[in-house]
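Got your viewer open and ready? Let's walk through this one together, stop by stop.

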Amino acid sequence: REKVRITPGVSTVFTCNHGEIYGPVVTNLYIPFSFRPWVINEISEPDRTAQYLYRNTVSRQRWIPERLKLPAAKLVMVFLAWVMRSLGSITVYRDHPRELVKTFRETASAMEAGDNILIFPENPNDEGQEKAGYLQEGVGEFFTGFTLIAQIYHQKTGKCAQFVPLFADKRNHTLTFGEPIFYDPENPPQEEKQRIADHLRGEMLRIADLHSREEPA
């Protein structure tokens with residue numbers, strides 16, 4: 001906690017890699033600050049959650065017998081639904097631009113009220129991956145649109161949001177904070193969006209490389 005300098009009165013956006021389901025679990029358990037997480041609609045809508053978890057995570061777990069994978073996804077779904085309700089999650093409609101506007105408005109209002117935000121910006125369907133889904137290790141390519149919340153937040157409050165990168169290391173069972181970056185309203189919007197995303201992913205990759213040289217805990 002002492003390594004993260006929270007500016008009083010300014011919202012912080014925590015960003016983390018997925019590590020399949022490891023990242024969402026450990027961040028919700030161990031980040032020592034309050035926050036509201038972004039959650040894609042497949043997770044927030046009960047009738048779609050089990051299939052989403054099965055497709056992107058559980059189906060790739062070799063240690064789970066095939067006949068138990070879908071039941072396991074349904075069991076995890078119950079836990080996730082409870083977590084999302086208790087944390088006041090913000091639904092992200094990634095493939096629905098009109099609905100996504102609501103996500104940004106709700107997020108900006110939450111930040112204006114003093115809430116911190118947690119986002120997992122990796123793209124599970126990046127064409128550079130061998131197969132779709134969140135990476136078990138390392139850091140996938142990022143969506144960059146999430147950084148627009150800083151621009152909206154600045155327009156509403158005049159404040160510059162702080163973005164803090166985290167790396168969830170499933171192999172070593174660690175959660176590590178990287179160097180933060182602040183939104184700069186003086187930069188052109190497109191350049192600033194890329195600058196923030198590049199810094200955050202670069203910090204995660206840097207930490208991942210450091211951890212790869214260590215023995216698993």
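Here is a short tour of some aromatic rings, a helix and a cavity. Keep in mind that this is a predicted model.

**Stop 1**

Start with the aromatic rings; the structure holds 5 aromatic pairs. Select Phe 14 and Phe 33 and look at their rings: the centres sit 5.8 Å apart and the planes are at 20°, so this pair is stacked. Phe 14 belongs to strand 1 (residues 12–16), while Phe 33 is in the loop between helix 1 (22–30) and strand 2 (36–40).

**Stop 2: an edge-to-face pair**

Next, select Phe 146 and Phe 163. How are these rings arranged? They are edge-to-face, with 6.3 Å from centre to centre and 70° between the planes. Phe 146 lies in the loop between strand 4 (117–119) and helix 6 (148–157), and Phe 163 is in strand 5 (residues 162–169). Here, too, the pair links distant parts of the chain, 17 residues apart. Phe 146 is buried at 4% relative accessible area, and Phe 163 counts as buried at 0%.

**Stop 3**

Go back to helix 1 and pick out its buried residues: Tyr 22, Gly 23, Pro 24, Val 26 and Thr 27. What do they pack against? Show the strands and you'll find the partners: strand 1, strand 4, strand 5 and strand 6 (174–177).

**Stop 4: the cavity**

A search of the whole structure turns up 1 cavity of 30 Å³ or more, and the largest cavity has about 50 Å³ of space. To see its lining, select Thr 147, Leu 148, Gln 151, Tyr 183, Pro 189, Glu 192, Lys 193 and Ile 196. Helix 6 and helix 7 (189–212) are the elements that give two or more residues to this lining. Helix 7 has the largest share, with 4 residues. Colour the lining by residue type, and you get 4 nonpolar, 2 polar and 2 charged residues.

Technical notes: Residues are numbered from 1 along each chain as its sequence is written. This is a predicted model: local features need pLDDT of at least 70, side-chain atom pairs count only at pLDDT 80 or more; totals for chains, interfaces and linings use all residues. Side-chain values use heavy atoms; hydrogens and water are left out. Rings of Phe, Tyr and Trp (its six-membered ring) pair if their centres lie within 6.5 Å; planes under 30 degrees apart count as stacked, over 60 as edge-to-face and the rest as tilted. Buried means under 20% relative accessible area, exposed over 50%, partly exposed in between (1.4 Å probe, protein chains only). Contact means heavy atoms within 4.5 Å. On a 1 Å grid over the protein atoms alone, a cavity is a set of points where a 1.4 Å probe fits but cannot get out, and a pocket is an open set with protein on both sides within 12 Å along at least five of seven lines; lining residues have an atom within 4 Å of a point. Grid points are joined across faces, edges and corners, and a volume is the space filled by probe spheres set on the points. Ala, Val, Leu, Ile, Met, Phe, Trp, Tyr, Cys and Pro count as nonpolar, Asp, Glu, Lys and Arg as charged, and the others, Gly among them, as polar.
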